[in-house]
Amino acid sequence: MARKDWGLLLLLLVVGGITAILNPRFLSAVNLLDMANLIGLFGIFSIGVGMVIITGGIDLSVGSIFALLGVVFIDLLVNRGVPWPLAILAIVAGGVVLGGLQGLLVTKAKLQPFVVTLCGLLIYRGAARYYTTDATMGFGYSDDFDWLAWLASGRSWGIPHPFMLLVVVAVVMGVLLHRSVFGRYLFAIGRNEEAARFSGIRTDAVITGAYIISGGLAGVATICLVFYTNSVSPSSFGNFYELYAIAAAVLGGCSLRGGEGSVIGIVLGTALLQVLQNLVNILGIPSSLNFAVMGTVILLGVLADQPIVRRAIPSFRARHAAPSISKAGSTSKAPDRS
């Protein structure tokens, strides 16, 4: 863990401790397991969004992808009679395709990631509403999917399955980001894409790969979220979830300028964001302030990311400046008074 991650972990413990002092119910088993479940649900797709942010991009379409893939998933299972393994593969593949399409528009069409994913946010949400004629889709009272629902949103040994899945995803993505050539390329592109291209890195392929990962993890998260809510309203399902992901990534140390971040930091950022929201709820503060919490978190993260250190560089250089050089080429020094 980097120093920044240790600092975030300390902050998480401090905020959790303060919340527990204010309301001891915070440490109840029910509340902790509910938070673990939410951390798992939000952490999976936050890691994908974090991968895109590390390249210097952004993904605003995640929430709308949930809506579109969610209604398609329920339709495949309930109305089309598609076997659940094929339905799951179709949804994950759909996320990969949507992410890959956005990556190609960014790299090949040279469009700004903000514009591409903002258009995706609108298009996917509109497609989901058209697909269902703006009607809510659900599993009804059928017991045919109880086992699948348990697999996607149940618990084993008291631990929520989404949290277990997050651990698996975090380990895999951690190895990919911090122990592979692809991960080093992501950081290199985020720091300086042009320099990375001149050094021989296939920047277009790497950036597209980041968007594919984000889309694929969004597909995985869709399945868990659908069974968590048991229904999908295309007009509201996944609303503002992209902001949760961005806030978690920024809070976890991902620089919006690119080139910085870690998987464990994103997971800790997700956990801290959920603890803050739990603090709002457990203290009886109106839930509408959840958005204020998110906005404050993003703002503080961006402020912390600003190159404040550069202000100290001139004074640092002045204090540690090398001795001046005279025209003759010798270093000037005080006259000998002996």
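Author: Gly-99 sits in helix 4. Keep in mind that this is a predicted model.

Reader: OK. Is Gly-99 buried or exposed?

Author: Gly-99 is buried, at 1% relative accessibility.

Reader: And what is Gly-99 in contact with, leaving aside its neighbours within four places in sequence?

Author: Tyr-211, Ile-212 and Gly-215. Another pair to look at is Gly-99 and Ser-61: they are 38 residues apart along the chain, and their C-alpha atoms are separated by 9.2 Å.

Reader: Let's stay with helix 4. At what angle does it pack with helix 3?

Author: About 155°, and the axes of the two helices are 10 Å apart. For orientation, helix 3 covers residues 62–79 and helix 4 covers residues 84–107.

Reader: How would you describe the direction of helix 3 relative to helix 4?

Author: Roughly antiparallel, because the cut-off for that label is an angle over 145 degrees. The crossing of helix 3 and helix 4 is right-handed.

Reader: Which residues make that contact?

Author: On helix 3 you have Ile-65, Leu-68, Leu-69, Val-72, Phe-73, Leu-76 and Leu-77. Helix 4 brings Trp-84, Ala-87, Ile-88, Ala-90, Ile-91, Gly-94, Gly-95 and Leu-98.

Reader: How many of the residues in the contact of helix 3 with helix 4 are charged?

Author: None are charged; the contact has 13 nonpolar and two polar residues.

Reader: Now the other neighbour. How far apart are the axes of helix 4 and helix 5?

Author: 9 Å, with a packing angle of about 145°. The crossing of helix 4 and helix 5 is right-handed.

Reader: Who's involved in the contact there?

Author: Leu-98, Gln-102, Leu-105 and Val-106 come from helix 4, while Pro-113, Val-116, Thr-117, Gly-120 and Tyr-124 come from helix 5.

Reader: What about Asn-230, what's its phi?

Author: Positive as well, about 70°, and Asn-230 is not a glycine either. It belongs to the loop between helix 10 (203–229) and strand 4 (231–232). Asn-230 is partly exposed, with a relative accessible area of 38%.

Reader: Switching topic: how do helix 1 and helix 12 pack?

Author: Their angle is about 15° and their axes are 10 Å apart, with helix 1 at residues 3–22 and helix 12 at residues 263–282. Helix 1 and helix 12 are therefore roughly parallel to each other. Their crossing is left-handed.

Reader: Which residues of helix 1 make the contact?

Author: Asp-5, Leu-8, Leu-9, Leu-11, Leu-12, Val-15, Gly-16, Thr-19 and Leu-22. Across from them, helix 12 contributes residues including Ile-264, Gly-265, Leu-268, Leu-272 and Ile-282. By class, the contact of helix 1 with helix 12 has 14 nonpolar, four polar and one charged residues.

Reader: Last one, zooming out. How many helices and strands does the chain have?

Author: 14 helices and four strands. Of the 338 residues in the chain, 48% are buried. Among contacts with a separation of 6 or more, 77% are between residues 24 or more positions apart. The accessible surface is about 17300 Å², and carbon and sulfur atoms account for 67% of it.

Methods. Residues are numbered from 1 along each chain as its sequence is written. This is a predicted model: local features need pLDDT of at least 70, side-chain atom pairs count only at pLDDT 80 or more; totals for chains, interfaces and linings use all residues. Side-chain values use heavy atoms; hydrogens and water are left out. Axes are lines fitted to C-alpha atoms, for helices over the stretch in contact, and angles run from 0 to 180 degrees between N-to-C directions. Angles under 35 degrees count as roughly parallel, over 145 as roughly antiparallel, 65 to 115 as roughly perpendicular and the rest as oblique. A crossing is left-handed if the near helix is turned anticlockwise from the far one by less than a right angle, and right-handed if clockwise. Contact means heavy atoms within 4.5 Å. Ala, Val, Leu, Ile, Met, Phe, Trp, Tyr, Cys and Pro count as nonpolar, Asp, Glu, Lys and Arg as charged, and the others, Gly among them, as polar. Buried means under 20% relative accessible area, exposed over 50%, partly exposed in between (1.4 Å probe, protein chains only). Accessible areas come from the Shrake-Rupley method with a 1.4 Å probe; for residues, only the protein chains shown count as cover.
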